[in-house]
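I opened this model today to look up its sheet, its helix packing and its ligand shell. Here are my notes, in the order I took them.

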Amino acid sequence: MKNKKTAIIGSGFSGLASAAYLAKEGHEVHVYEKNEQLGGRARQFEKDGFVFDMGPSWYWMPDVMESFFNDFDASANDYYELKELSPAFSIVYGKDDEVAIPSDYNELRALFESIEPGSSSELDQFMDDAQKKYEVSFSKLIEKPGISILEYLEFDTIKQALKLNLFSSYQKMVHRKFKHAKLRALMEFPVLFLGAKPKDTPALYSLMNYAGLKLGTHYPMGGFHSLVKAMVSVCKKQGVVFHTNSEVENLKVKHNQIISICVDGETILVDGVIGSADYHHIESKLIDKEYRNYDEKYWAKKTFAPSSLIFYLGVKKKLNKLKHHTLFFDADFEEHSNEIYDNKQWPKDPLFYVCTPSKTDPNLAPKGCENLFVLMPLATGLEDTPELRVKYFKLLLNRLESHIGESLSDDIIVNESYCIKDFKADYNAYGGNAYGLANTLNQTAIFKPKMVNQKISNLIYTGQLTVPGPGVPPSIISGKISAKLLTQHLKNQTL
Ligand SMILES: Cc1cc2nc3c(=O)[nH]c(=O)nc-3n(C[C@H](O)[C@H](O)[C@H](O)COP(=O)(O)OP(=O)(O)OC[C@H]3O[C@@H](n4cnc5c(N)ncnc54)[C@H](O)[C@@H]3O)c2cc1C
């Protein structure tokens with residue numbers, strides 16, 4: 001096949017993966033990124049000696065990242081050291097009530113048994129089932145582009161899906177097995193933080209429990225951004241060209257094909273485009289109405305995964321009580337999820353999460369200091385004002401201080417906040433979403449926004465708003481699928 005010139009809009013994980021795979025096929029690949037730094041929601045910034053990852057912090061499903069590197073005859077180890085965290089994470093259930101979640105499965109069983117007698121054998125069954133879901137998903141489902149139901153009609157896949165009850169309610173599955181509120185919260189948190197109320201999530205996503213509790217919680221030294229740097233290196237080895245501070249302003253269509261893109265007033269001729277920026281932004285701002293897959297009403301009806309209020313804090317002392325990952329579940333789980341998904345509003349009594357990566361990686365903070373990332377999940381589309389940020393900073397700080405039993409306010413030497421307005425301004429994110437679309441039953445597989453533009457044959461969408469969904473591993477897989485789809489299109493065109 002003759003080399004084709006392709007453009008990728010955006011340099012998040014989906015854009016980087018699509019660029020690497022397209023270049024491997026021999027195409028000329030240009031990545032256009034509106035921000036100064038590559039990596040999308042996984043950018044990093046440095047202030048006064050503190051290095052903050054701005055987005056993802058849970059490195060789950062390391063096999064997906066490894067498989068990406070293997071496809072380019074490399075390994076994650078060639079680029080960064082991956083550490084398994086022990087304990088994996090910790091949950092604060094109330095005053096002086098904190099449970100460290102062990103990385104060792106036998107210790108985890110013992111912990112379950114101590115909280116609810118008999119629950120360790122239920123955990124075994126749950127995990128066996130979750131493992132099967134993980135394996136079926138990764139071997140049969142996850143790399144499907146979700147264009148048509150026909151993709152799922154192989155006898156074997158249907159048989160396995162039915163046997164595994166992939167589409168029954170996740171919450172029912174958890175509640176049948178575990179009665180204790182602590183165990184329910186522990187099992188339900190991965191789906192809540194990554195995108196939907198447990199009762200609206202299909203049981204398929206118990207694969208997340210398998211990923212988190214059995215495959216382990218890892219950490220790439222240097223911060224999550226090390227993964228971005230490594231993927232950029234892979235791309236460059238394949239000949240990908242990066243253009244930063246380069247916002248794509250418009251896609252020019254002729255005879256149902258994109259013929260050029262406009263960047264900073266310059267017209268660049270292309271044979272194909274992968275849109276890895278937020279799907280809604282590409283459709284509503286870069287192409288004319290007649291070429292859109294979906295209108296505003298469609299997006300307004302979708303259930304979005306949360307946005308977030310984040311504080312990046314540099315603290316000039318060590319905080320012995322904090323673990324690398326600490327989840328604050330010392331408030332009503334149900335009420336906060338209602339405030340995210342149903343009666344969208346700023347929460348009265350929020351759950352939140354604190355990441356202290358300097359516990360594992362001393363290079364992320366000056367000596368004797370601690371690097372903190374405090375995140376509160378929040379409904380998308382809410383008003384975001386400096387006053388609200390200050391109000392919630394005080395609230396979260398109080399809860400944090402009460403847990404660690406010492407005052408912090410005088411020791412905070414870096415304090416930067418990030419919320420809905422920033423997600424919109426930095427990433428063109430619909431409603432200021434942080435993690436894309438929620439993983440609800442009617443937003444799974446073929447029900448997700450389609451990867452292929454139905455009217456423009458050389459425009460493919462990728463990333464967390466399409467198949468397979470939000471999170472770093474799914475975004476990498478999405479990029480791989482999008483490269484396959486565009487390559488196929490370009491091949492057909494040449495025939
Ligand atoms: C705070 C936070 C915490 C998270 N925690 C985790 C976690 O712990 N584990 C996990 O697995 N996942 C986590 N996620 C989710 C994960 O980070 C995302 O799902 C993933 O990074 C999305 O990648 P993407 O390629 O779809 O999009 P993005 O990373 O958003 O990339 C899209 C890029 O397109 C660019 N762009 C937009 N418009 C244009 C334009 N017109 N021209 C050029 N460029 C444009 C944007 O600047 C951006 O760089 C988290 C996300 C956030 C925000």
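**Entry 1: ground rules.** I count two strands as paired if DSSP finds at least two bridges between them. Helices (H or I, at least four residues) and strands (E, at least two) are DSSP runs, numbered from the N terminus. This is a predicted model, so I keep in mind that local features need pLDDT of at least 70, that side-chain atom pairs count only at pLDDT 80 or more, and that totals for chains, interfaces and linings use all residues. Residues are numbered from 1 along each chain as its sequence is written.

**Entry 2: the five-stranded sheet.** I looked up the strand order and found an open sheet of five strands, β9-β2-β1-β13-β19, with parallel pairing. β9 (241-243) and β19 (459-461) stand at the edges with a single partner strand each, so one side of each has no neighbour in the sheet. Direction ignored, neighbouring strands are turned by 20 degrees against each other on average. For these angles, axes are lines fitted to C-alpha atoms, for helices over the stretch in contact, and angles run from 0 to 180 degrees between N-to-C directions.

β2 (residues 28-32) pairs with β9 in the parallel sense over three bridges, and Val-31 stands opposite Phe-242 in β9. What packs on the sheet? I found α15 there, touching β1 (5-9), β13 (272-275) and β19, and its direction makes about 165 degrees with that of β13. Contact here means that the C-beta atoms of two residues, placed from the backbone, lie within 7 Å.

**Entry 3: α2 against α15.** α15 also has a helix partner: α2 (residues 62-70) packs with α15 at an angle of about 30 degrees, their axes 9 Å apart. The two are therefore roughly parallel to each other. My cut-offs for that wording are under 35 degrees for roughly parallel, over 145 for roughly antiparallel and 65 to 115 for roughly perpendicular, with the rest oblique. The crossing of α2 and α15 is left-handed; that is, the near helix is turned anticlockwise from the far one by less than a right angle, whereas clockwise would be right-handed.

I listed the residues that meet: Val-64, Met-65 and Phe-68 in α2, and Pro-473, Ile-476 and Ile-477 in α15. By class, this contact has six nonpolar, no polar and no charged residues. The classes are simple: Ala, Val, Leu, Ile, Met, Phe, Trp, Tyr, Cys and Pro are nonpolar, Asp, Glu, Lys and Arg are charged, and the others, Gly among them, are polar.

**Entry 4: α1 against α9.** I checked α1 next, and its axis comes within 9 Å of that of α9 (residues 225-237), crossing at roughly 20 degrees. α1 and α9 are therefore roughly parallel to each other, and their crossing is left-handed. Leu-16, Ala-19, Ala-20 and Ala-23 of α1 make the contact with Met-231, Val-232, Val-234 and Cys-235 of α9.

**Entry 5: the ligand.** How many residues surround the ligand? I get 37, and the closest are Gly-10, Gly-12, Gly-40, Ala-277 and Gly-463. A residue is near the molecule if its C-beta atom, placed from the backbone, lies within 6 Å of it. α1 (13-24), β14 (307-315) and α15 (472-494) each supply at least two residues of this shell, and α1 gives the most, with three. By class, the shell has 15 nonpolar, 18 polar and four charged residues.

**Entry 6: hairpins.** β6 (residues 89-94) and β7 (residues 97-101) pair in the antiparallel sense over five bridges, with Gly-94 opposite Asp-97. Their hairpin has two residues between the strands, and Asp-96 in the turn has a positive phi of about 55 degrees.

I followed β11 (residues 257-263) to both of its partners listed here. β10 (residues 248-254) pairs with β11 in the antiparallel sense over six bridges, and the bridge partner of Asn-250 is Cys-262. β12 (residues 266-269) pairs with β11, also antiparallel, over four bridges, and there Cys-262 stands opposite Thr-267.

Entry 7: Most residues other than glycine have a negative phi, and most peptide bonds are trans. I noted Met-61, with a positive phi near 55 degrees, in the loop between β4 (50-53) and α2. The Ser-86 to Pro-87 peptide bond is cis, with omega near 0 degrees. Val-467 and Pro-468 are also joined by a cis bond, with omega about -5 degrees, and Pro-468 lies in the loop between β19 and α15.
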